[in-house]
Amino acid sequence: MAKYADKIEEIRQSAHALHASVNQTYGDSLPYGYHLDMVVNGIRDFGHLVCAREEDVLPLFFGGYYHDSIEDARLTYNDVMKEARHMLTVEQAAMATEIVYALTNDKGRNRAERAGEKYYQGIRETPYAPFVKLCDRLANITYSCSGVDGSNIRMKEVYKGEMPHFLTSINPHSSDSRFLVPQEAVLRLAECLIDDLEREEQNGVAWWHNY
């Protein structure tokens with residue numbers, strides 16, 4: 001990360017500016033870049049557990065910063081590829097764009113339709129997409145557990161209810177490190193929901209052991 005710090009910062013600033021250009025915010029009034037930085041914090045903390053080679057470092061960070069660019073910032077797949085090509089090699093840009101595409105929700109009338117089996121299958125089949133999606137969920141749960149935003153407090157209950165299905169759905173149980181869902185990151189997520197975790201453990205069921 002130190003070696004590529006300047007390039008990572010370039011990707012960060014580009015992603016922040018993109019979401020600001022469509023007036024997207026996070027929570028009640030935070031700039032959307034706040035969420036992007038939280039997602040990438042997960043990549044910084046746990047990326048060493050999944051990154052298979054040095055050449056994949058920048059695609060991982062690009063995927064984290066741009067993961068909502070198609071879904072929320074009006075970019076197309078080709079737009080994301082062009083952005084990635086400005087900052088990455090051809091091979092890296094292709095990998096980064098596939099991560100972003102995999103994390104883009106399907107068309108749907110509700111949350112269940114937008115994140116159905118086809119969506120999760122795409123995540124499971126795309127290198128690093130399971131990990132980046134986990135970092136995205138970790139960021140959202142961390143914020144929703146902070147208690148500073150009413151809508152995100154409500155979302156905490158949604159995330160809690162989805163947790164077993166979510167972890168099962170993103171995990172291809174592959175020996176390839178690029179597809180790993182690191183338990184260390186899952187445990188960090190569990191710390192944000194500690195009250196519910198303790199209740200589950202008292203009942204003899206710990207969802208984070210069974211994903």
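**Exercise 1. Determine how many helices and strands the protein has, and in what order they follow one another**.

Step 1. Counting the elements of this predicted model gives 12 helices and 2 strands, where helices (H or I, at least four residues) and strands (E, at least two) are DSSP runs, numbered from the N terminus.

Step 2. Reading from the N terminus on, we find the order α-β-β-α-α-α-α-α-α-α-α-α-α-α.

Step 3. Before going on, note that residues are numbered from 1 along each chain as its sequence is written, and that side-chain values use heavy atoms, with hydrogens and water left out. Because the model is predicted, local features need pLDDT of at least 70 and side-chain atom pairs count only at pLDDT 80 or more, while totals for chains, interfaces and linings use all residues.

**Exercise 2. Describe the largest pocket by its volume and its lining**.

Step 1. A pocket is an open set of points on a 1 Å grid over the protein atoms alone, where a 1.4 Å probe fits, with protein on both sides within 12 Å along at least five of seven lines; lining residues have an atom within 4 Å of a point. The volume is the space filled by probe spheres set on the points, which are joined across faces, edges and corners.

Step 2. By this rule the largest pocket has a volume of about 650 Å³, and of the 28 residues that line it, E71, R111, N140, M155 and Y159 are the closest to its centre.

Step 3. Among the elements that give two or more residues to this lining are β1 (25-26), α4 (69-72) and α9 (129-144), but α10 gives the most, with 7 residues.

Step 4. Sorted by class, the lining holds 10 nonpolar, 9 polar and 9 charged residues; here Ala, Val, Leu, Ile, Met, Phe, Trp, Tyr, Cys and Pro count as nonpolar, Asp, Glu, Lys and Arg as charged, and the others, Gly among them, as polar.

**Exercise 3. Describe the second largest pocket, and then the surroundings of E98, one of its lining residues**.

Step 1. About 210 Å³ of space lies in the second largest pocket, and the largest share of its lining, 4 residues, comes from α8.

Step 2. By class, this lining has 5 nonpolar, 4 polar and 3 charged residues.

Step 3. E98 belongs to helix α6, and it counts as partly exposed because its relative accessibility is 33%; buried means under 20% relative accessible area, exposed over 50%, and partly exposed in between (1.4 Å probe, protein chains only).

Step 4. Leaving out residues up to four places away in sequence, E98 touches Y77 and T126, where contact means heavy atoms within 4.5 Å.

Step 5. The C-alpha atoms of E98 and G122 are separated by 9.5 Å, although these residues are 24 residues apart along the chain.

**Exercise 4. Classify the aromatic pair of F62 and Y66, and find where these two residues lie**.

Step 1. Rings of Phe, Tyr and Trp (its six-membered ring) pair if their centres lie within 6.5 Å; planes under 30 degrees apart count as stacked, over 60 as edge-to-face and the rest as tilted.

Step 2. The structure holds 8 aromatic pairs. That of F62 and Y66 is stacked, with 4.2 Å centre to centre and 0° between the planes.

Step 3. These residues are separated by about one helical turn, because they are 4 residues apart in helix α3 (residues 57-66), and both F62 and Y66 are buried.

Step 4. Elsewhere, Y26, Y32, Y34 and Y143 form one aromatic cluster.
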